[in-house]
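Have it open beside you while you read.

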Amino acid sequence: MNYQYLLLLADNPLILGHRLSELCGHGPTLETDIALTNIALDLFGQVRNYCQYAAELHGEGKTEDQVAFLRYEHEYRNVLLTEQPNHDFAWVIGRQYLFDAYHLPLLTQLSDSKDSRLAGIAMKSIKEVRYHHRFSSEWVKRLGGGTEESHQRMQAAMDQLWSYTGELFLETEDEKAMKEAGVGADYGKMRPHFDADVQQVFHEAGLVIPEGPWHRTIGKNGVHSENLGYILADLQYMQRTYPNMEW
Amino acid sequence: MNKDWPLWEVFIRSKSGLDHRHCGSLHAADAKMAIENARDVYTRRQEGVSIWVVPSSQITASDPEASGELFEPALDKVYRHPTFYDLPDALKHM
């Protein structure tokens, strides 16, 4: 198992979960507020599994908190999609859905990983992510097929968010090495699942799948948008202010 | 258009074999959303294995003002309770 590969897996749910946590108490209705917070908590649970594994792999007394919180911005490997802000509910749902459509086939593949610990984490996570996908895809359809305004906002969000989906399937060196070792996911095999999912959901939602071009900036290699700096200022505050604090 | 989602009553079965019990209400645009909202609002601490939702408007309730004539006549009719039988000692949990 490669330490950097675990960070790649951990950082997407970490940053997306943080974005969702910003909505706690601010959701459009009580019910959706709780649903989004539940999803954030599921994601943080997954992050802990990856970070505990990474900390053990790293050795030298490294803890899961240090792995999650005490890195510089360029050391975070999350994709740009997950750091996009909560402009409106359509953005929240669009970002969630596009990530879920990627996350589900990713975990399906990782469930068959030659690394049994990783396979175990994936099998545990996949049930949660199936529900995330169900929640987000239903909302994409509701907003897409709802009122004129909800349709227009959902399409506008997708038009912006779509450009970040290219990065999901760009393979880094670490991902390539892990794929070849039979440990990591094979994006070539995942892609058709993502495409079919998106086609079906966009079709049912009455939305148009946007055209490229795709962003070439790669969060996976540590090159982020300005959004991540603000996220980390929040996320790391406690650990920076009170080093080694425990909850 | 009505901007408020209708109210739904939520019934949760906590274990297989037990009855669904009323646990609260929530707002949702339709039945499908009501089930999903109920899952998030009422089963996040492993409270249930099955959910029913019913539109609150479909429930006909007794009139609280009529509780006198509806329920009080039963108060002094203890003979309607099956408590006047001699039970065999072998029966422990009646």
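1. Ground rules first. This is a predicted model, where local features need pLDDT of at least 70 and side-chain atom pairs count only at pLDDT 80 or more, while totals for chains, interfaces and linings use all residues. Residues are numbered from 1 along each chain as its sequence is written, with chains lettered from A and ligands numbered from 1 in the order in which they are written.

2. Start with helix H1 (residues 3-21) and helix H2 (residues 30-58) of chain A, whose axes come within 8 Å and cross at roughly 155 degrees. Helices (H or I, at least four residues) and strands (E, at least two) are DSSP runs, numbered from the N terminus; axes are lines fitted to C-alpha atoms, for helices over the stretch in contact, and angles run from 0 to 180 degrees between N-to-C directions. By class, this contact of H1(A) with H2(A) has 20 nonpolar, 4 polar and no charged residues (Ala, Val, Leu, Ile, Met, Phe, Trp, Tyr, Cys and Pro are nonpolar, Asp, Glu, Lys and Arg charged, the others, Gly among them, polar).

3. H5(A) and H6(A) pack at about 145 degrees, with axes 7 Å apart. Their contact divides into 15 nonpolar, 9 polar and 2 charged residues.

4. Next, helix H6 (residues 116-144) against helix H7 (residues 148-161) of chain A: the angle is about 125 degrees and the axes are 7 Å apart. That makes H6(A) oblique to H7(A). Here A:Val140, A:Leu143 and A:Gly144 of H6(A) meet A:Ser150, A:His151, A:Arg153 and A:Met154 of H7(A), where a contact means C-beta atoms, placed from the backbone, within 7 Å. The classes are 3 nonpolar, 3 polar and 1 charged.

5. On to the cores. The largest nonpolar core has 66 residues, of which A:Ala10, A:Tyr50 and A:Ala54 touch the most other members (a core is a set of buried Ala, Val, Leu, Ile, Met, Phe, Trp, Tyr and Cys residues joined through C-beta atoms within 7 Å). Helix H5 (residues 89-110) of chain A gives the most to this core, with 13 residues. Leaving out residues up to four places away in sequence, A:Tyr50 touches A:Leu6, A:Leu9, A:Ala10 and A:Ile121.

6. Beyond four places in sequence, A:Lys141 touches A:Val201, A:Glu204 and A:Ala205.

7. B:Leu18, in the loop between strand S1 (7-13) and S2 of chain B, is exposed, with 12 other C-beta atoms within 10 Å.

8. Finally, the interface: 8 residues of chain B are in contact with 7 residues of chain A. Strand S2 (20-27) and helix H1 (31-42) of chain B each supply at least two residues of the chain B side, and H1(B) gives the most, with 4 residues. By class, that side has 3 nonpolar, 2 polar and 3 charged residues.

Conventions:
Angles under 35 degrees count as roughly parallel, over 145 as roughly antiparallel, 65 to 115 as roughly perpendicular and the rest as oblique. Two residues are in contact if their C-beta atoms, placed from the backbone, lie within 7 Å. A residue is buried if 20 or more other C-beta atoms lie within 10 Å of its own, exposed if 12 or fewer, and partly exposed in between; C-beta atoms are placed from the backbone.
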